[in-house]
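Dear colleague,

I am passing this structure on to you. Please look through it first; my notes follow below.

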Amino acid sequence: MLRYVFRRLLTAIPTLFVIVTISFFLIRVAPGGPFNQEKGLNPVIKANLDRQFGLDEPLWMQYLNYLNNLLHGDFGPSYNLPDFTVKELFEVGLPVSIQIGASALILALVIGSALGIIAALRQNKGADYAVIATATAGSTVPTFVIAPVYQLIFATTLALVPVAGWAGGAFANKIGPIVTLALPQIAIVARLMRGSMIEALRSHHIRTARALGLSDWSIIIKHALRGALLPIVSYSGPAAAALLTGSIIVESIFAIPGVGRYFVEAALNRDYTLVMGTVVVIAIFTIVFNLIVDILYAVVDPRVRYD
Amino acid sequence: MAGNETILSVENLKIRFRTLDGIVDAVKGINMHVKAGETVAVVGESGSGKSQTMMAAMRLLASNGEAAGTIDYRGANLLNLSKSELNEIRGRKVTMIFQEPMTSLDPLYTIGNQLMEPIMRHRRIGREAARQEAIKMLKLVRIPEPERRMKSYPYEMSGGQRQRVMIAMAIANDPDLLIADEPTTALDVTIQAEILNLMADLRKRLGMSMIFITHDLNIVRRIADRVYVMRLGEVVEEGDTRTIFSQPQHPYTKALLAAEPSGHKEPVPKSAPTVLAGTDMRVTFKIGGGFLAGDPVYLKAVDRVSVTLKRGQTIGIVGESGSGKSTLARALLKLLPSEGAIQFDGRSIEKFDPAQMRPLRKQLQIVFQDPFGSLSPRLTAGQIVTEGLLVHDPSISGKERDRRAALAFSEVGLDPANRNRYPHEFSGGQRQRIAIARAIILKPKVVVLDEPTSALDRQVQKQIVELLRDLQKANNLSYLFISHDLAVVRAMADHIMVMKDGRMVEQGSPEQIFDHPHEDYTKRLMAAAFVDHAEAKV
């Protein structure tokens, strides 16, 4: 297994390299640059800025420089937030996004799975229809609707929580963003779990367990649930990568200093280094969580062997 | 051997299923009983309700099914017991094993874990005691190295071993009655014989009763004291085994008995031309390997086998699963990469690429085992049958194609009027006829028949065998007939090859192979398949 993990981490290096290369040139294809503004900058000042950030050098030179810096852990300065380096921005924002994202993910997995199991056990009965109806509604209502409605009810009308802001990470400020992120995920997980649990309950070895007179608890939790977990496990990987790297909508509506907004803002501002930083961070998260999923797979299912 | 005490009695049992097409009566008021120590066989074809009767007794009917009547086990009506009362009997006094040994065990837990669970539950003993008990059970079902096997997962065991483990789980709590639903159908014939012997032996040793659900009359003869014959949800005949076999009363029972494949094929003249020949055929599969993954393992699926198929000849290839019989046939048709020389119609084709092979494909056809999976569900039967013509004879008109489809339909004994229906509207036997029509419409010289009758009931099997014989005669076809069912092979082939582990063990005429086998393996195979019922009856 260790050998497998090592091999996967090794293959991540060329993957990252390809991602970095493609994104580097792709963002340069977009017209404009970090210092093109609507008003138009004094050409002398712009030339100075370009020189200062090395943007006057040929593209391939800039690319090699960027790679070299990246290898030394230097993501470069942000062009639009000149007081910060990209690294500093992530050091501040990433923990915020991870806190919110991880809480939402855990909430989604626990509540979603529980709802899914209940629905599967009551297949085609009231509880099942209720879960499915709610889940369908949950996954169709977008976060930019959930968030303002939450603010309207719980912050403005009932005044139980603040409308927005981070307040140094106060608990009351986190509820809104976490719930908003979690709700659609709960819906997705519940539907996934229901489907795979129904299939697991129909399998032959469950029939065997019943024929042997085993208890319902053992049949459902020990024999059905473990197999039914596999689709949830594979969904959690990409979901974790997406949730933990922040959401622009939730972060904007609740005014949270996470990193989700950088992805869009940086691209719009042609903040090349920040775009690249975001890409690298998301790529690393995706690679790592997919690896974790594959390891979990082997833990849940003894038939999965990587060596 | 059988006592007089009735332990299970089924009275006026009715089972119905609510389906999208309305209510289906699967079992229509049947009566049955089992005495202590007795082995009862329930025989019938698929859909006769034999399995559902037993599923009802175990309260394992699908959620859309309901049972009425009584199933009485020692004074308790199993149909009315509360779940906790039921689970005192289920798995302890009355147990069941199933047809699917590959999927009936939980893939995610070790054999030991699964074996210990019902022991601990029903006997209320601790882990260590249950472990010892479980090892004892594995010994009893003759699993080698039981202590090591406790730590194995189901996927690490063969089908036969898994069925042994299933049996061990079922008998671990010393039950009164073991219900076995086609427990050997999915197994190779030598394994089948071993499992049957084991079950008969255990039944005697433990003094339990057994209900054996099967469609295989050979097994009934070998194992049962008494027989119930079921058809369309009713018991049409019952009696002791000897009487049923010697003096069947009901026409259906007679038909069932007559459905054993019979007849034999005349050998082709020595002068018959060779159509397809493979010399020194080898097929090797590479397993594993890749970037940093260590060295791959090579598996010799076919190891230096030579075949010569003459015009009008049927070569039967027999052997157990994994013996390489299908792989050999596919390699000969160049559907798999292989080494060795292949001659078709006097031309060496081993170096042909797919484009060169294409014009030859129409003369080299194949019919697969699975009549459900091998027909596209989105095409009509007529489209399926004529699809090959689109490739090999694109110039013919739609009207002409349809005419040929109708012709092919009547050739294989299907009503041409049904050619616009979809595969799911046909029965298993009819689907296999469609698959055969699809092969012969191209006027092939060689047809590979890969277990074409294995998924079918005996009676249907017999009809397909007869159809294949007639088609061969009419078109002078050559068949490569792959099967693990020796009775069918004996009826079809004029030359037989026995394969084991990728090698050819023995070949010769049917008389030679069936009546005077030389090799030990062939002898074992024959002994397992055709036991004389008088001496095998236990």
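Is Ser23(A) buried or exposed? Ser23(A) is buried, because its relative accessible area is 13%, which falls under the 20% limit for that class. Please keep in mind that the model is predicted. Ser23(A) belongs to helix H1 of chain A. Its side chain comes to 2.4 Å from the backbone oxygen of Ile19(A). If neighbours within four places in sequence are set aside, Ser23(A) is in contact with Met276(A) and Val279(A).

Next, the interface. On the side of chain A, 25 residues are in contact with 32 residues of chain B. About 2700 Å² is buried between chain A and chain B, and carbon and sulfur atoms give 59% of that area. Three salt bridges are counted between the two chains. One of them joins Lys222(A) to Glu117(B), with the closest N and O atoms 3.1 Å apart. There are also 17 residue pairs in polar contact across the interface of chain A and chain B, where both residues have pLDDT 80 or more. In chain A, the elements that give two or more residues to the side touching chain B are helix H1 (2-29), helix H8 (204-211) and helix H9 (216-244). Sorted by class, that side of chain A has ten charged, nine polar and six nonpolar residues.

Then the nonpolar cores. The largest has 106 residues, and those with the most contacts inside it are Met197(A), Leu8(B), Ile71(B), Ile167(B), Ile171(B), Ile179(B) and Met199(B). Helix H6 (residues 159-171) of chain B gives the largest share of this core, seven residues. Leaving aside neighbours within four places in sequence, Met199(B) has contacts that include Ile97(B), Ile167(B), Leu178(B) and Phe212(B). Another core, of 49 residues, lies apart from the largest one; among its members are Leu67(A), Val161(A), Ile186(A) and Phe285(A).

Last, two backbone angles. Most residues other than glycine have a negative phi. Asn124(A), which is not a glycine, has a positive phi of about 60°. Asn124(A) sits in the loop between helix H4 (86-121) and helix H5 (126-140) of chain A, and is partly exposed at a relative accessible area of 48%. Lys443(B) also has a positive phi, near 55°. Its place is the loop between helix H15 (428-440) and strand S17 (446-450) of chain B. Lys443(B) is exposed, because its relative accessible area is 56% and the class begins over 50%.

Regards

Definitions and conventions
Residues numbered from 1 in each chain as written. Chains lettered and ligands numbered in written order. Predicted model: local features only at pLDDT ≥ 70, side-chain atom pairs only at ≥ 80, totals over all residues. Heavy atoms only, no water. Contact = heavy atoms within 4.5 Å. Buried area = accessible area lost by both parts, 1.4 Å probe. Salt bridge = Lys/Arg side-chain N within 4 Å of Asp/Glu carboxyl O. Polar contact = N/O pair within 3.5 Å; in protein donor to acceptor, adjacent residues only side chain to side chain. Helix = DSSP H or I, 4+ residues; strand = E, 2+ residues; numbered from the N terminus. Nonpolar A, V, L, I, M, F, W, Y, C, P; charged D, E, K, R; others polar. Buried < 20%, exposed > 50% of the residue type's maximum accessible area, 1.4 Å probe, protein only. Core = buried A, V, L, I, M, F, W, Y, C linked by side-chain atoms within 4.5 Å.
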